[in-house]
Amino acid sequence: MIDDSNEMADAPPMRTRPHYIPLSDAREGMTLGATATVVKSGILRLSLPAGHILNEDSLHQLKAHQAEFIFILEPDRRSDQQVALDASQAAGRLLQIFSGADLTEPNIAGLFDQILAYRSA
Amino acid sequence: MAALTITRENAAEISGKLASFPHFVTEILRTLDDPDANLKILVEHIQRDPVISARVLSRANAAGSRTRGSAAIQNIYTATSLIGMRNVREMTVISSLASFVDSIAPPGLPVTFWQHNVAAGVCSVEMALHMTAPVSIDAALIAGLLHDIGQLWLYRMDPAGCHAAWAEANTSNSGIDIVEREHFGVDHATIGGWLAEHWSLPANITAAIAHHHAPDEALHEPLVPLVYIAEVLSNALDLTGRDENRVTTLSAPACKALGLVWNAELRPLFGRMEARSRHANAMFQ
């Protein structure tokens, strides 16, 4: 048997990707990236803390309180090369969408920068 | 160039021959300030429509499965109290307008047409929830869902001309409204406004549809910049991934009217728009 314990100990921590998903895509084992709250008529009905790992019970609670989406941290198993490629493709598509825009105009530039940052997260 | 000279009168006349605008939607809008009457209209409509009944009951049963054990919810009033009137109204309005659009959609209309309108409707709702502007969430949803209805009308009249206009807008980086005015003498936003007026939709919804490419002329109506920015964001976020998603201009007065500052605090809003748009489009596929 190969002893890989040293290799495991030296491995960098798993990267995560934060993103919003509809509740219909939520699964047990996913980690909340931000506190999930459900407020109805100004009353806090449900609050699950950031870092909470979804289980059968919390998924039921979210459904029962009609949460529509959650913010999760998804393990990012992509290689550095793939991360760079994905970022490049996202930037390329964004440049295509904004190809007719004047990116020196402050509002357009602000929107472009925020969407690019959102896509790069 | 289209053979037909498009006017307010013939837009309404041709539209009237296609299908009636859903009475349910105008009644829902009319009774927003009367919750009892609004609920009655909503429930009666749902009970007449087996597809939307099934959707509402299915969602209510999913929500109630933990607390009610195996007792299935079969009553629309119970379902509405469980999942909330706003959620049920949103599902029903989207479903009703989807059926209407489907009934008048000409063959060959890209499927992304309605998906984009749903995305803009969802973005408009999220903008209304995010902003402090005094805008009804239901009006925001309906204006977003119908903002491109003039494009559907144009496609019915001249599908080849529409494809040519879309292609030209993509390659020339001109706004689609500018290209349409060159091709047809009028743009889809103006036609949409005429149709909304013909259907007796409220003035704020009519204005939001008519000015969704030129908001600066009607900034006194908060729904106008809101729907305009919602559509810009649905394109910028590439919701539905359609080829026509383009951002060529962004009205500084519209941003100012909504108090929008483009900073990192908006990213959760982008996330909610993306997640809810995907969810809504999946529900009505």
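What follows is a walk through the domains, some helix packing and a few individual residues of a predicted model.

Start with the domains. In chain A, the assignment puts domain 1 at residues 13-76 and domain 2 at residues 80-120. Taken over C-alpha atoms, the centres of these two chain A domains sit 28 Å apart. Chain B also comes with two assigned domains, domain 1 covering 17-84 and domain 2 covering 105-283. Here the centres, again over C-alpha atoms, are separated by 27 Å. The two domains of chain B do touch: eight residues of domain 1 are in contact with 11 residues of domain 2.

Now for how some of the helices of chain B pack. Two packed helices are described by the angle between their axes and the distance between the axes. Take α3(B), residues 35-48, and α5(B), residues 76-83: these two pack at about 120 degrees, and their axes are 10 Å apart. On the α3(B) side, the contact is made by L39(B), K40(B), V43(B), I46(B) and Q47(B). Facing them from α5(B) are I76(B), Y77(B) and T80(B).

A second pair brings together α1(B), residues 8-18, and α9(B), residues 149-157. This time the packing angle is about 80 degrees and the axes lie 11 Å apart. That angle falls within 65 to 115 degrees, which means α1(B) is roughly perpendicular to α9(B). From α1(B), the contact draws on N10(B), A11(B), I14(B), S15(B) and L18(B), while α9(B) brings W153(B), R156(B) and M157(B). The contact of α1(B) with α9(B) divides into five nonpolar residues, two polar ones and one charged one.

Further along chain B is helix α13(B), spanning residues 203-210. Within this helix, I205(B), T206(B), A207(B), A208(B) and I209(B) are buried. Their cover includes four other helices of chain B: α2 (23-30), α8 (137-146), α12 (188-198) and α14 (223-236).

S200(B) sits in the loop between α12 and α13 of chain B. Its phi is near 60 degrees, a positive value in a residue that is not glycine. S200(B) has a relative accessible area of 58%, and with the cut-off for exposed at over 50%, S200(B) is therefore exposed. D238(B) also has a positive phi, of about 60 degrees, without being a glycine. This residue is found in the loop between α14 and α15 (252-258) of chain B.

Finally, back to chain A and one residue that reaches across to chain B. R119(A) is part of helix α4 of chain A, which runs over residues 106-120. Its relative accessibility is 28%, so R119(A) counts as partly exposed. Setting aside neighbours within four places in sequence, R119(A) is in contact with A90(A) from its own chain and with L237(B) and E274(B) from chain B. As for Q81(A), this residue is 38 residues away from R119(A) in sequence, and the two are 17 Å apart in space, C-alpha to C-alpha.

Technical notes
Residues numbered from 1 in each chain as written. Chains lettered and ligands numbered in written order. Predicted model: local features only at pLDDT ≥ 70, side-chain atom pairs only at ≥ 80, totals over all residues. Heavy atoms only, no water. Buried < 20%, exposed > 50% of the residue type's maximum accessible area, 1.4 Å probe, protein only. Contact = heavy atoms within 4.5 Å. Axes fitted to C-alpha atoms, helices over the stretch in contact; angles between N-to-C directions. Domains from an automatic or database assignment. Parallel < 35°, antiparallel > 145°, perpendicular 65-115°, else oblique. Nonpolar A, V, L, I, M, F, W, Y, C, P; charged D, E, K, R; others polar.
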